[in-house]
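Reader: Please pick one part of this structure and take me through it closely. I would like to know what lies around it and how it ties in with the rest.

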Amino acid sequence: MPVIKHYPGLMLGKGDTHFNKIEINATQQEFDHNEKPFIAALQKNLPIIMIGHAQYKQFGATPASRSDKVIKHLKQYNPNLITVTDDIAMQAYNNGQDLSNAVLESINNGFDLVIYSASPEKQINLIAKINSQIKSKKINPNFTKKNLIKLKRDLTKAKKIILNLDE
């Protein structure tokens, strides 16, 4: 399946989001120029976009891969878009914060899928911790059953899109 990646790009960023928090202070003109190919792809109805971890002043102090502003912005071009984080094992994603809280923030802010390239043990531990937080209500109060229902619906939609693709 075609995936547009890594919105909004690193453009003027110096460094690597695998290892560092990257802040990009592009002018609006620079940002618009950098974003242009992504928006063109969205307007062609490509179904999935992967969001990178850089922090853009256009979206505030949160990395793009956790930002509700990014989701709202992109959905205006393709409301059926499936949004995916880049690998959350990268340093710039949570920048030292609790990983489970960062994942819940991404999901709460509208991300459909979260990628985690880690050992099966680490993946299972993260899922268990998130499930525990959800069950104990130690989560963002905005994270509701509505978010879980939306996530399930979006995953079902993604499966239907995949099944309808020819070779």
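Author: D112 is buried, with a relative accessibility of 4%. Buried means under 20% relative accessible area, exposed means over 50%, and partly exposed is the range in between, all with a 1.4 Å probe and protein chains only. The residue sits in the loop between α4 and β6 (113–115). Helices here are DSSP runs of H or I with at least four residues, strands are runs of E with at least two, and both are numbered from the N terminus.

The model is predicted, so local features need pLDDT of at least 70 and side-chain atom pairs count only at pLDDT 80 or more, while totals for chains, interfaces and linings use all residues. Residues are numbered from 1 along each chain as its sequence is written, and side-chain values use heavy atoms, with hydrogens and water left out.

What does the side chain of D112 reach? A polar atom of this side chain lies 2.8 Å from the backbone nitrogen of T83. That is a polar contact: a pair of N or O atoms within 3.5 Å, where within protein one must be able to donate a hydrogen and the other to accept it, and residues adjacent in sequence count only if both atoms are side-chain atoms.

In β5, T83 is the bridge partner of I49. β3 and β5 (residues 82–87) run parallel and are joined by 4 bridges. Two strands are said to pair if DSSP finds at least two bridges between them. β3 also pairs with β1, again in the parallel sense, over 3 bridges. There, I4 stands opposite I49.

β3 is covered on both faces: I48 and M50 are buried on one side, and I49 and I51 are buried on the other.

Leaving aside neighbours within four places in sequence, V70 is in contact with Y7, I51, F59 and A64; contact means heavy atoms within 4.5 Å.

Now to α1. The buried residues of this helix are F31, N34, E35, F38, I39, A41 and L42. They pack against β1 (3–7), β3 (48–51), β4 (55–56) and α2 (68–75). An α-helix has 3.6 residues a turn, so residues three or four places apart point the same way. α1 (residues 28–43) is bent by about 45° at K36, and the proline P37 follows within four residues. The bend at a residue is the angle between axes fitted to the seven residues ending there and the seven starting there. After α1 comes N45, with a positive phi near 65°.

Charged pairs remain. Side chains of opposite charge can pair when their charged atoms come close. The whole structure has 4 salt bridges, each a side-chain nitrogen of Lys or Arg within 4 Å of a carboxyl oxygen of Asp or Glu. One of them joins E105 and R66, at 2.7 Å from N to O. This pair links distant parts of the chain: E105 is in α4 (residues 99–108), R66 is in the loop between β4 and α2, and 39 residues separate them. R66 is buried, at 6%, whereas E105 is partly exposed, at 23%.

Another is D68 with K72, whose closest N and O atoms are 3.5 Å apart. D68 and K72 are about one helical turn apart because they are 4 residues apart in α2. D68 is partly exposed, at 29%, and K72 is exposed, at 60%.

K129 and D98 also meet in a salt bridge, at 2.5 Å from N to O. K129 is in α5 (residues 120–135) and D98 is in the loop between α3 (91–94) and α4, 31 residues apart. K129 is partly exposed, at 39%, and D98 is partly exposed, at 28%.
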